[in-house]
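Please keep the sequence and the model in view while reading.

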Amino acid sequence: MAATAPPRPPAPGRSPGGAGTAGPSRRARTSGPARSSKAAVNTLLAVVAVYTLMPLSWLLVNATKNNGDLFASPGFEPAEFNLLTNLTGLFTYQDGMFGRWLANSLLYSVVGALASTFVSLLAGYAFHTYDWWGKEKLYGLVLLGILVPHTVISLPMYLMASEVGLVNSYWSVLIPGLVNPFGVYLARVFSESYVPGETLEAARIDGASELRTFRSVALPMLSPAFVTVFLFSFTGSWNNFFLPLVMLNDSTLYPVGLGLFNWNATLPQEPQLYSFVITGSLVSVVPLAVAFVALQRYWRSGLTSGAVK
Amino acid sequence: MNTRLGRGQRTTPVLFVAPFFILFIATLVAPIGYSLWMSLFREQATSGLGFGGTETVFVGADNYLRALGDASFHRGFLHIALYCLIYIPVMVGGALALALLVDSAMARAKKFFQLAYFLPHAVPGLIAAIIWGFLYTPGLSPVIDLLRTVGVEWDFLGPDGVVLSMANAAAWQWIGYNMVIFYAALQAVPKETLEAATVDGAGQLRTALAVKLPMIRSSVVLTMLFTAVGAIQLFNEPEVLRSRSSAISQDWSPVMYIYQAAFTEHDYGLAAAASLLLALLGAALSFVITKLGTRWKEV
């Protein structure tokens with residue numbers, strides 16, 4: 001569009017190529033009432049940031065308190081520093097049950113998300129690259145799968161798993177986590193923009209098989225897609241509570257969320273667990289928070305491709 | 001790009017999509033089919049005394065009628081209706097307002113605000129509910145102390161407060177996520193369009209509501225869809241807060257009702273029928289939202 005427009009001198013009030021923030025007319029208007037509304041907007045944004053960050057900072061402060069100080073000292077005031085004592089207590093309580101839960105969660109999330117990402121990328125790539133009868137109908141089914149309420153299929157899944165003897169095992173949580181229709185959607189969208197057809201054609205002319213073309217040509221180009229889909233799958237299984245609740249009886253198989261949930265439910269009877277639940281919550285939040293801050297570029301791009309389509 | 005393959009290569013796409021679809025059928029399609037089947041049967045004790053085993057009897061629509069006639073199932077739907085009424089507008093409206101504000105020329109530190117709003121999403125929903133549970137507990141909560149100093153006595157876990165408390169915990173976790181989606185969509189609005197609006201004399205607020213908002217309609221509709229489907233499955237927040245509040249019964253929400261029917265009472269037929277009814281509500285909501293969304297797009 002811009003290329004067809006005849007070149008002309010910049011009209012007043014329109015800064016060519018400017019982001020629309022520094023145009024002369026805008027700057028001229030930024031005085032008096034505009035400045036106060038600017039302050040109002042930023043104050044409002046800051047207030048919301050206080051709201052979103054408050055519970056996390058409360059958690060951070062209170063993970064350093066012992067059970068007595070939790071109730072005795074005001075919420076945000078640090079008391080005696082007991083973080084290390086809490087951590088030692090947490091990781092040694094019930095023969096190190098918490099560490100086991102953490103390891104289980106990592107297993108469910110890392111192994112599950114890795115496998116799930118491969119499965120999704122393969123499918124998404126095939127949806128982009130090949131044509132076959134009924135392809136778009138099948139793709140419609142995948143998109144429909146995103147909307148299926150997961151709590152609704154957990155009960156029949158439990159009964160099916162118990163019939164094949166998988167209930168109360170690692171598999172009962174791992175296998176359902178492998179299916180990620182949203183991942184297939186993301187993989188197709190990414191594939192469309194990252195894998196040019198000519199490159200694949202060239203690989204084919206060189207005599208590479210389809211699988212080899214995928215592995216050594218397409219997969220490296222899809223690495224941003226890999227990280228994004230992995231991140232979404234990882235978050236999904238790290239957050240999953242209902243499925244393990246339904247599937248698992250044996251507390252040594254619990255992911256960390258389910259374990260903390262059980263401790264939390266017994267607090268009225270066992271108040272000595274308070275500091276463990278609080279410190280444990282902090283410990284289970286940290287890995288994901290770090291991943292999110294470190295991998296900002298990826299979740300942003302994932303959410304963007306989800307939003308624009 | 002789309003490739004028509006030679007004869008020998010036709011099997012490739014099948015091999016590529018097979019792992020996904022085998023799993024898709026096993027963990028999504030089959031359970032739904034199984035649910036439909038199960039909802040038509042009822043386990044009954046073979047002898048009236050409950051000795052011996054159980055037998056499975058075909059009961060037709062009886063499980064559906066039992067669920068539909070159960071007052072506690074109705075209450076569950078009333079509870080989530082109230083919850084949705086608070087949660088969905090606050091969530092979608094709030095995320096939209098935040099995105100438009102951060103996108104406006106007036107906002108500073110855009111990156112920081114986005115990260116600050118998104119960070120709660122790194123907290124698993126269950127842990128979020130546990131943390132808010134503490135922040136609702138008198139003696140532990142600085143929020144209650146703060147409200148008291150300004151003269152407000154509010155019982156977060158009382159019968160009037162619980163729905164709001166659940167909506168707050170869920171909104172806290174998701175508002176930043178949706179805000180980032182809207183913000184990303186706003187970035188795709190062409191600069192020329194915005195400049196044209198400015199030249200036409202539209203102020204910031206008018207530009208946001210009359211130009212930007214209509215251009216990100218599809219994101220808004222999609223977010224509304226996911227939010228609604230998620231909201232009717234409300235489980236984590238009431239289940240966690242239940243240990244602290246006497247206002248939340250064991251079958252407070254439809255999913256809690258289903259869980260109880262299945263795992264406390266082992267009435268699988270009833271649980272299956274109830275979950276299909278809930279899925280039906282989800283489908284109906286999705287349909288209505290999509291239809292309204294399409295109409296909005298045509299305006």
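In α12(A), the buried residues are A:Ala225, A:Thr228, A:Val229, A:Phe230, A:Phe232, A:Ser233, A:Phe234, A:Thr235, A:Ser237, A:Trp238 and A:Asn239. A residue is called buried if 20 or more other C-beta atoms lie within 10 Å of its own, exposed if 12 or fewer do, and partly exposed in between, with C-beta atoms placed from the backbone. Helices (H or I, at least four residues) and strands (E, at least two) are DSSP runs, numbered from the N terminus. Helix α12 of chain A covers residues 223–239, 17 residues in total. From its first C-alpha to its last it reaches 24 Å, close to the 24 Å expected at 1.5 Å a residue; the expected span is 1.5 Å times one less than the number of residues.

The model is a predicted one, in which local features need pLDDT of at least 70 and side-chain atom pairs count only at pLDDT 80 or more, while totals for chains, interfaces and linings use all residues. Residues are numbered from 1 along each chain as its sequence is written, and chains are lettered from A and ligands numbered from 1 in the order in which they are written.

Another helix of chain A, α14 (residues 256–265), has eight of its 10 residues buried, so it is largely enclosed by the rest of the structure. The buried residues are A:Val256, A:Gly257, A:Leu258, A:Gly259, A:Leu260, A:Phe261, A:Trp263 and A:Asn264. They pack against elements of both chains: α5 (97–129), α13 (242–247) and α15 (274–294) of chain A, and α5 (125–135) and α11 (236–241) of chain B.

How many residues of chain B are in contact with chain A? There are 83, and they meet 79 residues of chain A; two residues are in contact if their C-beta atoms, placed from the backbone, lie within 7 Å. On the side of chain B that touches chain A, helix α1 (residues 11–38) of chain B provides the largest share, 16 residues. That side divides into 59 nonpolar, 19 polar and five charged residues. Here Ala, Val, Leu, Ile, Met, Phe, Trp, Tyr, Cys and Pro count as nonpolar, Asp, Glu, Lys and Arg as charged, and the others, Gly among them, as polar.

Chain B itself has 13 helices and two strands. Its radius of gyration is 24 Å, well over the 19 Å that the globule rule gives for 299 residues, so chain B is more spread out than a compact globule. The radius is taken over C-alpha atoms, and the rule is 2.2 Å times the number of residues to the power 0.38. Along the principal axes, the C-alpha atoms of chain B fill a box of roughly 80 × 75 × 35 Å. Of the 299 residues of this chain, 44% count as buried. Among contacts in chain B with a separation of 6 or more, 70% join residues 24 or more positions apart.

For residues 77–289 of chain B, UniProt lists "domain: ABC transmembrane type-1" in an unreviewed entry. UniProt positions are given in the numbering used here, feature names are shortened, and annotations may be inferred rather than shown by experiment. Over this stretch the chain is 73% helix and 0% strand, with the end C-alpha atoms 19 Å apart.

The largest nonpolar core has 156 residues, and those with the most contacts inside it are A:Ala123, B:Ala99, B:Phe182 and B:Ala274. Such a core is a set of buried Ala, Val, Leu, Ile, Met, Phe, Trp, Tyr and Cys residues joined through C-beta atoms within 7 Å. Helix α7 (residues 162–187) of chain B gives the most to this core, with 19 residues. Leaving aside neighbours within four places in sequence, B:Ala99 is in contact with B:Met179, B:Phe182, B:Tyr183 and B:Leu186.

Some individual residues complete the tour. A:Met221 lies in helix α11 (residues 210–221) of chain A and counts as partly exposed, with 15 C-beta neighbours inside 10 Å. Beyond its neighbours within four places in sequence, A:Met221 is in contact with A:Tyr194 and A:Val195. A:Asp95, in the loop between α4 (83–92) and α5 of chain A, has a phi near 55°, a positive value in a residue other than glycine. A:Asp95 is exposed, with 8 other C-beta atoms within 10 Å.
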